[in-house]
Amino acid sequence: MRSGHKKRSANVFLLLTVVWMAVIFYMSAMQAPRSEGLSSGIARAGLKTFFPVYEKMETNEQYTLLTEADGTNRKAAHFAEYLLLGLFMGKTVFRAYPQNRVYAEERAFLRREACAAILLLFCFLYALSDEYHQMFVSGRSPRMLDVFIDALGAQAGIVIAEMIWTNKTTGLSADREA
């Protein structure tokens with residue numbers, strides 16, 4: 001019964017991975033004015049929420065602060081998008097692993113590390129294809145810095161998924177008390 005639960009859980013994370021890849025593609029397909037409007041709207045809401053003096057500033061000061069916040073917001077969005085992609089992919093793969101087999105610790109470590117490296121490569125290639133895709137979207141252009149930020153986010157997500165998997169397989173998680 002437990003292996004059936006693991007399989008269903010892995011399938012859920014696989015579905016989340018595919019849906020999230022579609023969300024990333026959709027966000028990249030937005031033409032520049034719509035993408036910029038969404039991003040600056042989020043940045044403006046954040047400024048109004050966390051910096052009450054924002055609305056009392058001069059218009060040119062607001063514009064300068066909004067421009068800086070928008071740039072930071074866009075890079076944070078890249079990181080977060082790929083952190084979730086790495087987490088969903090990692091949970092899919094690590095959840096599907098046969099946890100009931102006994103492996104030498106070195107082999108298990110190498111297997112996890114190789115798996116994490118393959119997941120990161122896949123996320124990196126998806127980020128490259130995402131930026132390439134933006135070449136064909138009106139007003140958008142590819143940026144290698146975004147690919148680097150995407151890869152960092154994916155790595156963070158994969159590490160989190162691996163930490164969760166490691167805790168569950170070694171019995172270190174709080175929900176697996178003896």
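Which residues does L85 touch, not counting residues up to four places away in sequence? Let's find out in this predicted model, one close-up at a time.

**View 1. L85 and the residues around it.** Leaving out residues up to four places away in sequence, L85 touches T17, W20, M21 and I24, and also C123 and Y126. Look for these six names in turn as you follow the L85 side chain.

**View 2. The largest nonpolar core.** This core has 18 residues, and Y82, L85, F94, L119 and Y126 are the ones that touch the most other members. Helices α1 (2-29), α3 (59-96), α4 (105-134) and α5 (144-170) each supply at least two residues of the core. The biggest giver is α4, with six residues. Here is some background to keep in mind: in soluble globular proteins, nonpolar side chains tend to be buried together.

**View 3. Two cysteines, C115 and C123.** Are these residues buried or exposed? C115 has 12% relative accessibility, so C115 counts as buried. C123 has 1% relative accessibility and therefore counts as buried too. As a reminder, a disulfide is a covalent bond between the sulfur atoms of two cysteines.

**View 4. F124 on helix α4.** F124 lies in helix α4. Its relative accessibility is 30%, so F124 counts as partly exposed. Beyond its neighbours within four places in sequence, F124 is in contact with V147 and A151. F124 and V147 are 23 residues apart along the chain, while their C-alpha atoms are separated by 7.0 Å.

Conventions
Residues are numbered from 1 along each chain as its sequence is written. This is a predicted model: local features need pLDDT of at least 70, side-chain atom pairs count only at pLDDT 80 or more; totals for chains, interfaces and linings use all residues. Side-chain values use heavy atoms; hydrogens and water are left out. Buried means under 20% relative accessible area, exposed over 50%, partly exposed in between (1.4 Å probe, protein chains only). A nonpolar core is a set of buried Ala, Val, Leu, Ile, Met, Phe, Trp, Tyr and Cys residues joined through side-chain atoms within 4.5 Å. Helices (H or I, at least four residues) and strands (E, at least two) are DSSP runs, numbered from the N terminus. Contact means heavy atoms within 4.5 Å.
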